[in-house]
Amino acid sequence: MKYDYTSVKNIYIICGKTDMRKGIDGLSTLIQDSFELDLYGDSIFLFAGWSKDRYKCLYFDGDGFAILYKRLDNGKLQWPKDEKEVRNLSQQELRWLLEGLSIQQPKAIQPSSNGVF
């Protein structure tokens with residue numbers, strides 16, 4: 001199975017620590033019960049454990065759920081700590097996170113809102 005996740009509409013990060021022993025059913029229940037998000041929409045859900053050197057990605061591809069599990073050999077993720085929060089990330093924020101950087105880069109040029117001229 002090869003899928004292009006760069007076209008996914010929503011990228012949700014479940015902040016704080018998640019029990020990495022949970023599988024598809026446990027993570028799905030967490031998403032629905034704790035955060036009331038749509039599991040079946042065009043969304044990726046990301047989870048990290050205590051050590052922040054591994055993460056899981058849950059995705060519904062139309063006919064079933066796929067789960068990706070990655071353990072880093074060197075380094076840790078800069079995972080947000082607020083356990084009651086879910087954030088919707090941009091592709092750029094996801095790239096920063098998976099490269100070991102913070103989601104919020106203070107020196108990066110931020111997108112601007114529509115200005116008045």
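## Basis

In this predicted model, local features need pLDDT of at least 70 and side-chain atom pairs count only at pLDDT 80 or more, while totals for chains, interfaces and linings use all residues. Residues are numbered from 1 along each chain as its sequence is written, and side-chain values use heavy atoms, with hydrogens and water left out.

## Fold

The protein chain has 2 helices and 5 strands. These are DSSP runs numbered from the N terminus: helices are H or I with at least four residues, strands are E with at least two. The order along the sequence is β-α-β-β-β-β-α.

## Dimensions and surface

The C-alpha trace spans about 50 × 35 × 30 Å along its principal axes. Buried residues (under 20% relative accessible area, 1.4 Å probe, protein chains only) make up 36% of the 117 residues.

The accessible surface (Shrake-Rupley method, 1.4 Å probe) comes to about 8000 Å². Carbon and sulfur atoms hold 48% of that surface.

## Two positive phi angles

E36 has phi near 50 degrees, a positive value in a residue other than glycine. E36 sits in the loop between α1 (24–35) and β2 (43–48). E36 is exposed (over 50% relative accessible area), at 68%.

K52 also has positive phi, near 60 degrees, and is likewise a residue other than glycine. Its loop runs between β2 and β3 (54–60). K52 is buried, with a relative accessible area of 13%.
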